[in-house]
Amino acid sequence: MVEITIRKLFAVGVLAAVLSVADTAAQEIAARIPGLEKNDEYMTLLRKEETLRLRSDSIFDVIRTVRSAMRENAEKRDSLARQRSDSMMLILTDAENAAFALRSQKIRLVDSINAIEQEFVLSGMGNIGGAAESSPSAASIFGNSYFVKNIDPDDYKALVEAHGKESAARKYVSSYIDNYKKIKALYDKYVLAATEAEAEAVYADIAAATDESLVLERQLAKLWSEIYDQKTYVYSYFLEKENREDILEITESMLGEARQEKLSSADNCVSEAVADYCLQKPVVLNYEIYVAKLLNQTAAIDSLSNASKNVRQIDFRMPPVEVKRRSFVDYEAIEFTPRSPYNASNPIPDCIVYEYGTIYRILLGTYKYKQAVSTFRGASPLCVETLEDGRFSYYAGGLKTRAEAETAVEIMKKKGFRSPEIVEWCDGRKTNLSQQNEDATIAFRVTIKGGALDDTVRDLITTMAEGCQISKIAEDTFIVGTFDTRVMADRVAAAVAKCDESLTAEVTEIGGGPDEESDEEE
């Protein structure tokens, strides 16, 4: 009954988010193209677009709230947790369906708005006299003799090269969006996982997909920046040379609108690079449409208009999915009872090794043979670890902090235990802190060979390995480190190799002392 009530409350919240946003009809909406202020249909469409944007933001707020509630519920792991998770998953589906419906409406609106803007601009442009005889059926502006003749040869060559990279940019965007959907689906599965083994298997898939998205985003950012800069430079030069400041003003206004939309969507945009592509690509296409109109190439205009419509189908407004790693560690303080809870029918359990999280246990002793329960003076909880050499280590407690463990050691000594020791398990790795030799700590680093590290690779490393130093040890060799775990070092190495295929990245195990001296620290 409680779960049904919760779902009803959230469902009402979703509905309210869609319907309660004030109509923007009374708000001041500026025409994006000077001269269209008096077009009632156009201005009405702009107001509707803004209303849909505000409603979408409200829906995304609901989605974030539900996901946050799901994360908190996942940590409780009580008898009602599964029921609560199932209910919230249904609510999440309702909210995402509502967001998709709004997105579909907005795409239709944007297409209508763009058609009005494009028709208005093109109707007042005319053609360039010297290019009037160009074939209207030509499908591309790049082969137009007038256009080629009026651009520097080197700039024209760079423009064609940039245009040839467009398919790669589209592929990066498509792959990133597919990966985002995969991460979102995995995350929903992750918060519903009932056991650590199940959750950790899904988390490994999430980590791999997240690394893939990070690489794709860096590759897209670098490639699209090159394409965008080259194309806008050449088209601006051509339009300026033809004294079409009016068209330049229109395109600059469009760029300003794109920047503003990006800022207003920042909270609901998982990738800045994807947003840049989706917002800037239509502006670049408008450049090309206007140039095609000046060159009297109507077939090119139709082709470019279809391409612009296809880009607008891509939704860059993808709310970030914040994956907080779940801990299944069960902490228990040490207690003493006159009669031990352990016996023949309830033996001392095996020591649980958690794949993620940190727990401290007190080592009471290591023995050749299994010990009687009475050996441990009524202490509980207890667990036993079977070592590789066949001996048995017995532990008491499951403590959250080292300070708690140190206090427990003093208590154990007072209870008659001769040499209790603190043992830490961190992400499945065991360390006897009472016997730890700091110089023997194991760490890892990544060695990168094959050439210089460009800004894209450096940014990738900095993002993934925050706090790890990049050091240059030779002209074409760098080291990154140190890493506490091999898992993270392996992830960075794989991402670097994928981001720049000319590089090789290997993980090496090192001692915990200082790194080798490098020629240069960066």
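Guide: Gladly, and a definition comes first: helices (H or I, at least four residues) and strands (E, at least two) are DSSP runs, numbered from the N terminus. The expected span of a helix is 1.5 Å times one less than its number of residues. The model is predicted, so local features need pLDDT of at least 70 and side-chain atom pairs pLDDT 80 or more, while totals for chains, interfaces and linings use all residues. Residues are numbered from 1 along each chain as its sequence is written, and side-chain values use heavy atoms, with hydrogens and water left out.

The chain has 13 helices and 12 strands; the part to look at is α9, residues 272-294. Its 23 residues reach 33 Å from the first C-alpha to the last, close to the 33 Å expected. There is still a kink of about 30° at Q280, shortly before the proline P282; the bend at a residue is the angle between axes fitted to the seven residues ending there and the seven starting there.

Now the two ends. After the helix comes N296, which has a positive phi near 65°.

Across the chain of 522 residues, 47% are buried.

The largest nonpolar core holds 85 residues. Such a core is a set of buried Ala, Val, Leu, Ile, Met, Phe, Trp, Tyr and Cys residues joined through side-chain atoms within 4.5 Å. Y42, F147, Y235, V274, Y290, V291 and L295 touch the most other members. Elements giving two or more residues to this core include α2 (40-76), α7 (196-241) and α10 (298-312), and the largest share, 15 residues, comes from α9. Beyond its neighbours within four places in sequence, V291 is in contact (heavy atoms within 4.5 Å) with I141, F147, Y235, F238 and L239.

Y277 lies 56 residues from A221 in sequence, yet their C-alpha atoms are 8.4 Å apart. A221 belongs to α7 and counts as partly exposed because its relative accessibility is 37%.

Conventions. Buried < 20%, exposed > 50% of the residue type's maximum accessible area, 1.4 Å probe, protein only.
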